[in-house]
Amino acid sequence: MAIYPSPADNIYPDLLGTTTSPGVVEAALHIGASLRCFEGHFPGSPIAPGVAQISWAVHFARELLGLDAPVKSVERLKFTHVIQPDQQLRLRLEYKPEKNALQFCFDRDATLAAEGATLFSQGWLIYEA
């Protein structure tokens, strides 16, 4: 039996809303400054570590798509921009059941920021069969 952190552990972004279509969920997230991942990473210029972003993708895939199987591997992982505190982002999750794989992408589209669209990170979570 897996034991998951509670929301009181303050490790996941706030879920602001979702939109869904078959196999795809887009979640609006607020990356709060009080998230534990920012503690000590880095003082004076906090950024969300990659391991936290992967954890967020796994968490929201479980919560929003019901993907409870263990993650076997992470593939094609790319970090292109840093995620800083107090940002609103979009997490796009697309599940491919024939591959037991989930593509995730953290981004901000042009409607969320004056500076335009930004891709923060993306990758594939490969689940055990």
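Tutor: Buried means under 20% relative accessible area. The model discussed here is predicted.

Student: What makes C105 buried?

Tutor: C105 has a relative accessible area of 15%. The cut-off is under 20%, so C105 counts as buried.

Student: Why is C37 called buried?

Tutor: The relative accessibility of C37 is 16%. That value is also set against the limit of under 20%, so C37 is buried.

Student: How many aromatic pairs does the structure hold?

Tutor: Two.

Student: Why is the pair of W56 and F106 called edge-to-face?

Tutor: The ring centres of W56 and F106 lie 6.0 Å apart, and rings pair if their centres lie within 6.5 Å. Their planes stand at 70°. Planes over 60 degrees apart count as edge-to-face, so the pair of W56 and F106 is edge-to-face.

Student: Which parts does the pair of W56 and F106 tie together?

Tutor: W56 lies in helix α1 (residues 50-65) and F106 in strand β5 (residues 101-108), so the pair ties together parts that are 50 residues apart in sequence.

Student: Are W56 and F106 buried or exposed?

Tutor: W56 has 0% relative accessibility and counts as buried. F106 is buried too, with a relative accessible area of 0%.

Student: What makes F104 and F106 an edge-to-face pair?

Tutor: The centres of the rings of F104 and F106 are 6.1 Å apart and their planes are at 70°, so this pair is edge-to-face. F104 and F106 are both buried. W56, F104 and F106 form one aromatic cluster.

Key. Residues numbered from 1 in each chain as written. Predicted model: local features only at pLDDT ≥ 70, side-chain atom pairs only at ≥ 80, totals over all residues. Heavy atoms only, no water. Phe/Tyr/Trp six-rings, centres within 6.5 Å; stacked < 30°, edge-to-face > 60°. Helix = DSSP H or I, 4+ residues; strand = E, 2+ residues; numbered from the N terminus. Buried < 20%, exposed > 50% of the residue type's maximum accessible area, 1.4 Å probe, protein only.
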